[in-house]
Amino acid sequence: MNAERLYTVLKGPHVSEKAAMREDQVVFNVAGNATKLEVRVAVEKLFKVSVVDVQTLNVKGKVKRNRNGLVKKSSWKKAYVRLKQGQEIDFALVD
């Protein structure tokens, strides 16, 4: 995988209450066409950790109502990345 693709696979961490409760997993927003193998390689190379397992899922966009009528939010993809025991990613220290 080339370096350019490496940086486009991961869009950023997914910050939510449910994601914060997971102690052994880190949740990322990823590109819609990213595969599990690409996510694994990107996390291992960018954060220098060992990845045990990757689970991906497509999140369907919700239909919201506002003053202009109904608006559909865009769909996106997220990945649950389980790290090796004792390893963690601290996003405050990442360059």
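Arg82 and Asp53 form a salt bridge in which the closest N and O atoms are 4.0 Å apart. Arg82 belongs to strand E6 (residues 76–83) and Asp53 to strand E3 (residues 51–59), so this pair ties together parts that are 29 residues apart in sequence. The structure in which the pair is found is a predicted model.

The surroundings of the two partners can be described in turn. Arg82 has a relative accessibility of 31% and therefore counts as partly exposed. Asp53, with a relative accessible area of 25%, is partly exposed as well, because the term covers values between 20% and 50%. Side chains of opposite charge can pair when their charged atoms come close.

A second salt bridge joins the side chains of Arg5 and Glu38, with a distance of 2.8 Å from N to O. Here the partners lie in helices: Arg5 is part of helix H1 (residues 3–9) and Glu38 is part of helix H3 (residues 36–47), so the pair ties together parts that are 33 residues apart in sequence. The count of salt bridges in the model comes to 2.

The discussion now returns to strand E6, which carries Arg82. Of the 8 residues of E6, 6 are buried, so the strand is largely enclosed by the rest of the structure. What are the strands with which E6 pairs? One of them is E3, which runs antiparallel to E6 and is joined to it by 8 bridges. Within this pairing, Val54 has Val81 in E6 as its bridge partner. Another is strand E2 (residues 25–30), which pairs with E6 in the antiparallel sense over 6 bridges. In that case the bridge partner of Asn29 is Lys78 of E6.

Which residues does Ile89 contact, leaving aside its neighbours within four places in sequence? They are Val26, Phe28, Val43, Phe47, Val49 and Leu83.

Methods
Residues are numbered from 1 along each chain as its sequence is written. This is a predicted model: local features need pLDDT of at least 70, side-chain atom pairs count only at pLDDT 80 or more; totals for chains, interfaces and linings use all residues. Side-chain values use heavy atoms; hydrogens and water are left out. Helices (H or I, at least four residues) and strands (E, at least two) are DSSP runs, numbered from the N terminus. Buried means under 20% relative accessible area, exposed over 50%, partly exposed in between (1.4 Å probe, protein chains only). Two strands pair if DSSP finds at least two bridges between them. Contact means heavy atoms within 4.5 Å.
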